[in-house]
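Trainee: I'd like to learn how to read a two-chain model, one feature at a time. Can we talk it through together?

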Amino acid sequence: VVEITIPEGVTPADIVGQTDLLPGQEWLDKEAVLGYAQQMQKGEFPWQRLQDEQPFAVEVGTNGRVITQGHHRFVAARLAQVDLPITIEYRYDYWADNAVVPFAKTWDQVKWEQDDDQAGG
Amino acid sequence: MMTRLADKLPVYLELYEALAHFVGQQQLVVRVVLEQGIALADLQRGVAGWHGKTAQRGTWGADWRFRFHGGGCELKHRRTGEPIDWIAPDPLSFSAHAFIYHLQWRLAQGHPLPLLQAWLNQRGEEAILALIDDLIADGIISPERRLLPDMGFQASAA
């Protein structure tokens, strides 16, 4: 089995590819995604333990289905090419208003967080 | 019948102390969340809980960087790299996964945790998680992963 890596220049959008799930946050920890994916590849990822602590959740709106919890797990699963062995929790918190999930982004907007001191927004 | 910490292998006491240390450090993250104007209960909504109230990442004081992620927030020390991740909403409940990550950082820094170091080296992360599960089964940690201080103090004094 070839160990998974994320080559320089590969973006979260490159890893995710085609999907109808939209991201809700802009920054991801590359090291965490890689570590998760390597554990998933070996069948050692504690899916249920993380699910118990923080369920994988998606907000549903007229602008799409937007991940609100579970971004790192989702991208890691795509990287490891494994299916999510958990049940996604669908939430409709914005349905009563205009049903637009205000934090929806596209995968092209999602970036790796750099371990430097430029964190500011 | 409740099992006492003092009746268990010494590695459990070292683990309990490491968990108590982590939960203490976790309070720094709780402070950051509150100072960003976010109610702890709201954070369990994931991104929906902090969107529009704070940037996803930023700095806290001179020494720390924070990053919100889903229903949690991680602090990382700018010089030492200490990673403290907290999953909402209970400030006294720890994430086992976040604890392991922090433990690995402590061991890499040379913190004196010889029994946990040996346990991790010989048996891996899963074995540490199993030790935590044992403490939950024994009633020393609650099922919500809260330390039960009376159990720890009684055990240490016994």
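**Reading the chains and their contact**

Mentor: Let's begin with overall dimensions: chain B has 158 residues, for which a compact globule would have a radius of gyration near 15 Å, and its 16 Å agrees with that. The radius is taken over C-alpha atoms, and the globule rule is 2.2 Å times the number of residues to the power 0.38. Keep in mind that this is a predicted model, where local features need pLDDT of at least 70, side-chain atom pairs count only at pLDDT 80 or more, and totals for chains, interfaces and linings use all residues. Residues are numbered from 1 along each chain as its sequence is written, chains are lettered from A in the order in which they are written, and side-chain values use heavy atoms, without hydrogens and water.

Trainee: What radius of gyration does chain A have?

Mentor: With 121 residues, a compact globule would come out near 14 Å; chain A has 15 Å, which agrees. Its C-alpha trace spans about 50 × 35 × 25 Å along the principal axes.

Trainee: How many helices and strands are there in chain B?

Mentor: Helices (H or I, at least four residues) and strands (E, at least two) are DSSP runs, numbered from the N terminus. Chain B has six helices and four strands, running α-α-β-β-β-β-α-α-α-α from the N terminus on. Chain A has four helices and six strands, in the order α-β-β-α-α-β-β-α-β-β.

Trainee: What pLDDT does chain A average?

Mentor: pLDDT is the predictor's confidence in each residue, from 0 to 100. Chain A averages 92, with 94% of the residues scoring at least 70. Over residues 117-121 of chain A, though, the pLDDT is below 50; beyond near neighbours in sequence, that stretch has 12 contacts in the model, a contact being heavy atoms within 4.5 Å. Chain B also averages 92, and there 92% of the residues score at least 70. For the complex, the predictor gives an ipTM of 0.89 and a pTM of 0.89.

Trainee: What area is buried between chain A and chain B?

Mentor: The size of an interface is often given as the accessible area lost when the parts come together. Here that loss (1.4 Å probe, summed over both parts) is about 2,600 Å², and carbon and sulfur atoms give 42% of it. The contact takes 34 residues from chain A and 33 residues from chain B.

Trainee: How many salt bridges are there between chain A and chain B?

Mentor: Side chains of opposite charge can pair when their charged atoms come close. The cut-off is a side-chain nitrogen of Lys or Arg within 4 Å of a carboxyl oxygen of Asp or Glu. Between chain A and chain B the count is seven. One of them pairs B:Arg67 with A:Asp29, their closest N and O atoms being 3.6 Å apart. On the chain A side, the elements giving two or more residues to the contact with chain B are α2 (30-41), α3 (47-53), β4 (64-69) and α4 (71-80).

Trainee: Where does A:Glu113 lie, and why does its pair with B:Arg57 join two chains?

Mentor: Those two side chains form a salt bridge at 3.8 Å, N to O. A:Glu113 is in the segment after β6 (111-112) of chain A and B:Arg57 is in strand β1 (residues 57-60) of chain B, so the pair joins two chains.

Trainee: Which peptide bond is cis?

Mentor: The one from B:Ala88 to B:Pro89, with omega near 10°. B:Pro89 sits in the loop between β4 (83-87) and α3 (96-109) of chain B.

Terms used: Buried area is the accessible area (1.4 Å probe) that two parts lose on being put together, summed over both.
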